[in-house]
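Please look over the sequence and the model below before reading on.

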Amino acid sequence: MSRERHTEGPAIGTLKPTKPGLLVLDIDEVVLEFIAPFERLLEEMGARLHVDGFRLTGNVRSISTGTALTGHELDGITARLYEEQIERQPAVPGVLKALESLSSLADIVFLTAMTPSYHARRRTLLDGLGLTHPMIATERSKGGVVAELAALWGGPVVFVDDLPPNLEAVRRSVPEVHLVHLMANTVFRPHLPPLPPGALAAADWDEAEALIRERLAVA
Ligand SMILES: [Mg+2]
């Protein structure tokens, strides 16, 4: 496999700040539902998620045989979900209202680790929801990408993600970035690894919007 890290979307240097502050948002489980549509797709395929830890592999089993699906099979199901995302992935409750309001305070950039080849499909989906902010889909660590974005903006930066390791990667690269944890679905919440120091937890977009608003104001 190639060691090159693929990226789709605008080059960071072409993005033009229009406000001092920047809000960088992960997409799956922050802007678009991922786990609930993934579970619906599993049901259609005769499998089910039984969560006993913070991972998918080993936690998805055939309904008829009880056999755990392999990582390769799960990758195939994730690919199909991304393929069919326009029909399958709804907006997370409250996100449209929150972003409409927050977009008057800060520029918004979407940063997703989704396989970059699905960028055009996801762009169509987001545009259809009125979420026309730039989107970068990359296999790079989010830490490096957020560091480059933060250098362009200069004002307060807030980063929101559902995966604690991504929050940690950003904290290590750019310690001054404000971190907010938001995971729309509740099934993995009891199994989450600890959040990095300083990260704030939001249960839903109402809470996230209030936390983001405070961070954009104080910095
Ligand atoms: Mg995510």
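**Briefing**

L216 is buried, because 21 other C-beta atoms lie within 10 Å (a residue is buried if 20 or more other C-beta atoms, placed from the backbone, lie within 10 Å of its own, exposed if 12 or fewer, and partly exposed in between). This is a predicted model, in which local features need pLDDT of at least 70 and side-chain atom pairs count only at pLDDT 80 or more, while totals for chains, interfaces and linings use all residues. Residues are numbered from 1 along each chain as its sequence is written.

**Around L216**

- L216 is found in helix α8, residues 205-218 (helices are DSSP runs of H or I with at least four residues, numbered from the N terminus).
- Leaving aside neighbours within four places in sequence, L216 is in contact with G21, L105, A106, P156 and V158, where contact is defined as C-beta atoms, placed from the backbone, that lie within 7 Å.
- L216 and L102 are 114 residues apart in sequence, and their C-alpha atoms are 9.4 Å apart in space.

**Helices α6 and α7**

- Helix α6 (residues 142-153) and helix α7 (residues 164-173) pack at an angle of about 50°, with their axes 7 Å apart; axes are lines fitted to C-alpha atoms over the stretch in contact, and angles run from 0 to 180 degrees between N-to-C directions.
- The contact is made by K142, G143, G144, V146 and A147 of α6, together with N166, A169, V170, R172 and S173 of α7.

**Domains**

- The domain assignment of the chain, automatic or from a database, gives domain 1 (7-33 + 90-218) and domain 2 (35-87).
- To the contact between them, domain 1 contributes 15 residues and domain 2 contributes 9 residues.

Terms used: Contact = placed C-beta atoms within 7 Å. Helix = DSSP H or I, 4+ residues; strand = E, 2+ residues; numbered from the N terminus.
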